[in-house]
Amino acid sequence: MFQRGVKKYIVLFIIGFLFLMTLVFAMHNITPSRVSVNQDVVNLFNITINNTDVGINITQVNLTLPATFTFITHTNGTNQTFTGSDFVNTSNTLSWSNLTGGYVVNGSQQVAFWFNATSSTPGEFNITVMTLNVSGPTYGNFSVTVNDTRPPTISIITPGNSTNSTQTGLNINYTVTDQSALSNCWYANDTYSANTTITCGTNITTATWTEGWHNVTIWANDTLNNVNSSRVTFGIDTTQPAISIATPANNTNSSTNQLNINYTVSDSGVGLSNCWYSNDTYTTNQTITCGTNITTATWTEGWHNVTIWANDTLNN
């Protein structure tokens, strides 16, 4: 008889314990459990909460967003129809509550909550879901994969665009970064008939440039195949201008004391910069317009020496 009574109390204790456990540990299910969205665009998040505590109402639902998420004001909503409820957005926590004796999710009900938000950073994140009933809070996670949509940042540092150089081995220096991970870098030039693969961040130091103008484009992509590029145009000129005095001929004589000095000058590279001449004692230089003959000099009797110089913009 004693043993039978003990068994009875044990059974009652177990039933009571299980009942208390259902009160202490409120239950809910979240669907879907994971979504994938793109960064830097407005995304709709729709979360359904299934109240699995039969007969126990949920009076508050909080959704806490990661710090890199931005809630779009006035985009929150729910398919629940009730009165006396409040929505509050405090920092990155969205809260639906009904604490005046009503409910947000009644027992055994599924209710959808939605909002719009953007995310500035790719990666894996959790939206924390908290539901509150008379037993206390219950927490869960809604997982979000934010996809990287930004291309790498790439910039050619030197040479400057539309500049000139006398170096046929001119280096192309650039910087490249990506918020996730770089995958490949490559470049092409001039005819763009072939691409050359390079290690991302390693400057182009092995090219030999012919005289003339060149175009170089460097591309980079990341592991999600977002692609970006940077382009530069530059000139190579190592050749001095061509200059020749046409008349008078060397070592000839003239009876004209205002004899013109006629010459030709050209540059096959980046272009002429300055022309000037000097004569006899060479103590003074006279600047002239390149290609304009010397027509204003008055020559004394005797022998004269005249030298005409020209340089290009790279000082050849």
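Asn62 has Ser95 in strand 8 as its bridge partner. Strand 4 (residues 60-64) and strand 8 run antiparallel and are joined by 5 bridges. Welcome to this structure: it is a predicted model, in which local features need pLDDT of at least 70, side-chain atom pairs count only at pLDDT 80 or more, and totals for chains, interfaces and linings use all residues. Residues are numbered from 1 along each chain as its sequence is written, and side-chain values use heavy atoms, with hydrogens and water left out.

**The sheet**

- Strands here (E, at least two residues), like helices (H or I, at least four), are DSSP runs numbered from the N terminus, and two strands pair if DSSP finds at least two bridges between them.

**Aromatic pairs**

- Rings of Phe, Tyr and Trp (its six-membered ring) pair if their centres lie within 6.5 Å; planes under 30 degrees apart count as stacked, over 60 as edge-to-face and the rest as tilted.
- By this rule the count is 12 aromatic pairs.
- One of them is the tilted pair of Trp96 and Phe113, at 5.0 Å centre to centre and 55° between the planes.
- Because Trp96 lies in strand 8 (residues 93-97) and Phe113 in strand 9 (residues 110-119), this pair ties together parts that are 17 residues apart in sequence.
- Trp96 counts as buried at 5% relative accessibility, and Phe113 is buried at 0%; buried means under 20% relative accessible area, exposed over 50% and partly exposed in between (1.4 Å probe, protein chains only).
- Tyr192 and Trp219 form an edge-to-face pair, because their ring centres are 6.4 Å apart and their planes stand at 80°.
- Tyr192 lies in the loop between strand 15 (182-189) and strand 16 (196-198) and Trp219 in strand 17 (residues 212-222), so here the parts tied together are 27 residues apart in sequence.
- Tyr192 is partly exposed, with a relative accessible area of 27%.
- Ring pairs also link Phe45, Phe69, Phe71, Phe87, Trp96, Phe113, Phe115 and Phe125 into a cluster.

**Backbone details in loops**

- The peptide bond joining Thr31 and Pro32 is cis, with omega about -10°, and Pro32 sits in the loop between strand 1 (28-31) and strand 2.
- A cis peptide bond also runs from Thr158 to Pro159, with omega near 0°; Pro159 is in the loop between strand 12 (153-158) and strand 13 (163-165).
- His74 is not a glycine, yet has a positive phi of about 70°; this residue lies in the loop between strand 5 (69-71) and strand 6 (77-78) and counts as exposed at 74% relative accessibility.
- Asp190, also not a glycine, has a positive phi of about 55°; Asp190 is found in the loop between strand 15 and strand 16 and is partly exposed at 30%.
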